[in-house]
Amino acid sequence: MLGAIEAGGTKFVCAVGDEQGTIIDRVQIPTTLPEETIPKVIEFFRKHPVKAIGIGSFGPIDVNRESASYGNVTSTPKVGWKDYPFVQAIKDAIPLPVGFNTDVNAAALGEATFGAAKGLDSCLYITVGTGIGAGAVVQGKLLQGLSHPEMGHILIRRHEDDPYEGKCPYHKDCLEGLAAGPAIEARWGVKGDQLVDKGEVWEMEGYYIAQALMQYIVIISPKKIILGGGVMKQKQIFPIIYKHLEKMINGYVDLPPLEEYIVSPGLGDNAGITGSLMLAHEAYEDEINREATRV
């Protein structure tokens with residue numbers, strides 16, 4: 001069995017399963033302070049004889065294995081988690097191989113392996129919820145450079161009818177600052193799920209998301225785009241995104257039919273936890289290979 005942690009800003013989902021993505025048991029734990037949340041995580045895994053654990057975490061995080069702070073949550077605004085040594089805390093309690101990446105990279109991996117992008121060597125997974133983040137699989141591998149992608153913080157053009165200053169504490173009116181769930185609530189006064197019939201809300205939201213997708217398409221050229229997260233459960237956004245994106249691309253890139261190209265997660269809400277199982281599987285295989293090399 002393998003262990004998986006999908007560490008979100010509001011909740012941790014911990015699960016055990018196998019390399020085929022089958023989940024055998026799971027638990028949900030509120031994300032409070034590390035000293036409250038992590039002991040509950042460890043308690044769950046001590047009940048199960050797993051071979052490795054994969055972590056898909058909210059960020060930013062340090063994924064550079066050569067860095068002294070590898071495995072840490074870094075500059076997050078989440079109270080109590082800044083500079084928290086996430087990987088080391090798990091390893092200290094449960095000495096097993098640990099795979100570590102962002103929650104959205106884990107979700108991209110899950111969707112590429114078993115979900116809407118199965119059979120493709122390229123996809124982009126974007127979550128639009130409490131924050132906005134994206135993970136990408138390129139030529140069969142998760143995209144990573146100096147650090148992991150932070151696609152939620154690109155700068156976009158403001159909608160002409162939008163006076164809202166933006167919610168992001170770092171950039172104000174970046175994509176996340178204008179289009180994440182808290183920005184919708186701050187702009188309109190109530191949460192998005194209470195604005196279902198307000199066309200102007202979703203027209204603006206679709207405009208912002210379409211801008212972001214255009215930039216991702218011309219830079220990464222993914223073979224499939226998957227839109228998840230709480231905001232994207234409002235399915236009325238998809239046709240608005242298609243409309244604006246088609247106008248913005250203006251024939252410059254030859255795309256498949258947008259209804260087939262830009263889709264909801266094939267794994268539903270299980271994309272992140274399934275991808276975290278795959279991170280555990282990779283960590284276990286890497287450890288086996290290292291042992292073989294030492295022998």
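This is a predicted model: local features need pLDDT of at least 70, side-chain atom pairs count only at pLDDT 80 or more; totals for chains, interfaces and linings use all residues.
How do α6 and α7 lie to each other: parallel, perpendicular or oblique? Residues are numbered from 1 along each chain as its sequence is written, and side-chain values use heavy atoms, with hydrogens and water left out.

Helices (H or I, at least four residues) and strands (E, at least two) are DSSP runs, numbered from the N terminus. Strands of a sheet pair through backbone hydrogen bonds, either parallel or antiparallel. Here two strands pair if DSSP finds at least two bridges between them.

Start with the sheet that holds β1. Five strands form this open sheet, in the order β3-β2-β1-β4-β5, and the pairing is mixed. The edges belong to β3 (23–30) and β5 (98–102). Each has a single partner strand, so one side of each is left without a neighbour in the sheet. From one strand to the next, the twist averages 15°. Look at β1 (residues 2–7) and β2 (residues 11–17): they pair in the antiparallel sense over six bridges. Ile 5 has Cys 14 in β2 as its bridge partner.

A helix covers this sheet. Helix α9 (residues 271–294) lies across β1, β2, β3, β4 (53–57) and β5. α9 runs at about 130° to β1. Axes are lines fitted to C-alpha atoms, for helices over the stretch in contact, and angles run from 0 to 180 degrees between N-to-C directions.

Now follow the chain past β4. The loop between β4 and α2 holds Pro 60. A cis peptide bond joins Gly 59 to Pro 60, with omega about 0°. Most residues other than glycine have a negative phi, and most peptide bonds are trans. Gln 139 is not a glycine, yet its phi is positive, near 50°.

Next come the aromatic rings. Rings of Phe, Tyr and Trp (its six-membered ring) pair if their centres lie within 6.5 Å; planes under 30 degrees apart count as stacked, over 60 as edge-to-face and the rest as tilted. By this rule there are eleven aromatic pairs. One of them joins Phe 86 and Phe 100: the ring centres are 6.2 Å apart and the planes stand at 75°, so the pair is edge-to-face. Phe 86 is in helix α2 (residues 86–93) and Phe 100 is in strand β5, 14 residues apart.

Turn to the other sheet. This open sheet of five strands has the order β8-β7-β6-β9-β10, again with mixed pairing. Its edge strands are β8 and β10 (262–263), each pairing on one side only. Strand β9 (residues 225–228) and β10 run parallel, joined by two bridges. Ile 226 has Val 263 of β10 as its bridge partner. Helix α3 (residues 103–114) packs on this sheet and touches β6 (123–128), β7, β8 and β9. Its direction makes about 45° with that of β7. Contact means heavy atoms within 4.5 Å.

α3 also packs against α9, at an angle of about 85° with the axes 7 Å apart. The two helices are therefore roughly perpendicular to each other. Angles under 35 degrees count as roughly parallel, over 145 as roughly antiparallel, 65 to 115 as roughly perpendicular and the rest as oblique. The contact includes Ala 106 and Phe 114 of α3, and Met 278 and Leu 279 of α9. By class it has seven nonpolar, six polar and two charged residues. Ala, Val, Leu, Ile, Met, Phe, Trp, Tyr, Cys and Pro count as nonpolar, Asp, Glu, Lys and Arg as charged, and the others, Gly among them, as polar.

Finally, return to the opening question. α6 (residues 199–220) and helix α7 (residues 237–249) pack at about 50°, with their axes 8 Å apart. α6 and α7 are therefore oblique to each other. Their contact has 13 nonpolar, three polar and three charged residues.

α6 has another partner, helix α5 (residues 181–188): these two pack at about 140°, with axes 12 Å apart. That makes α5 oblique to α6. Ile 184, Arg 187 and Trp 188 of α5 meet residues of α6, among them Trp 202 and Tyr 208.
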